[in-house]
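Good morning, and thank you for the time. May I ask you to look at the model on the screen while I go through its main features?

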Amino acid sequence: MEAVTFKKLVKGHAYSVTGAKQINYRGQSLGLIRMRNPWGEVEWTGPWSDSSAEWNAVEPALRQQLMVKMEDGEFWMSFRDFLREFTRLEICNLTPDALQSRKFRKWNTRLYDGTWRRGSTAGGCRNYPATFWINPQFKIQLEEVDDDGDEGGGREPGCSFLLALMQKDRRRERRYGKDMETIGFAVYEVPASPGVTQLSPGAAV
């Protein structure tokens, strides 16, 4: 069970950022960020939490719009407190579209299921070269060059792709004493040589 701070933040826990708002607070602009504990309970009790006194100085209409008075795991906190209490922020794309682009693109998605099994498909990390090769391998062939190439002409044409690795149902299994496994993946370039049919242990891309 994770430790909980005196302001009810769970240490080592992954929270979701569900919103952000810039408000006028006592004559000054203040940034607020809305967070959610995926457990659906145990909420921040510091400034700008559901029952904090800071809300009394906010315009009633805005206060009613923003305040969440229920134990659902969602809460507000100042951006300054967010920077102090959290050490890492990860941005997840719901779609593979680039964040800075509004241009419509068509992406192809592939999902591969696999497992690491001791003695057969669990070869360890690259620190174990004698067994690393028995890890699950997937060959991906990129065929189409990106439409918007390098305008400056200083970069070779390429095909953009995203890779992600996920552990299924690990949070649910914590009740049985199981924790997240330390996992990862490596990407290798397959040389364009005749007769090459498997991943080559060359330089990682």
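A search of the whole structure finds zero disulfides, a disulfide being a pair of cysteine sulfur atoms within 2.5 Å. Cys 125 is partly exposed at 40% relative accessible area, and Cys 159 is partly exposed at 29%. On this scale, buried means under 20% relative accessible area, exposed over 50%, and partly exposed in between, with a 1.4 Å probe and protein chains only.

This is a predicted model: local features need pLDDT of at least 70, side-chain atom pairs count only at pLDDT 80 or more, and totals for chains, interfaces and linings use all residues. Residues are numbered from 1 along each chain as its sequence is written, and side-chain values use heavy atoms, with hydrogens and water left out.

I turn to the sheet. Three strands form an open antiparallel sheet in the order 1-2-3; strands are DSSP runs of E with at least two residues, helices are runs of H or I with at least four, and both are numbered from the N terminus. Two strands pair if DSSP finds at least two bridges between them. Strand 1 (16–25) and strand 3 (74–78) stand at the edges, each with a single partner strand, so one side of each has no neighbour in the sheet.

How many bridges join strand 1 to strand 2? There are nine, and strand 2 covers residues 28–36. Among the facing residues, Asn 24 has Ser 29 as its bridge partner, and Ile 23 stands opposite Leu 30. The hairpin of these strands has two residues between them, and Arg 26 takes a positive phi near 55 degrees there.

Next, the charged pairs. The structure holds three salt bridges, each a side-chain nitrogen of Lys or Arg within 4 Å of a carboxyl oxygen of Asp or Glu. In one of them, Glu 74 meets Arg 34, with the closest N and O atoms 3.3 Å apart. This pair links distant parts of the chain, Glu 74 in strand 3 and Arg 34 in strand 2, 40 residues apart. Glu 74 is buried at 16% relative accessibility, whereas Arg 34 is partly exposed at 24%.

Another salt bridge joins Arg 84 and Asp 81, with a closest N and O distance of 2.0 Å. The two are three residues apart in helix 2, so about one helical turn separates them. Arg 84 is exposed at 53%, but Asp 81 is buried at 6%.
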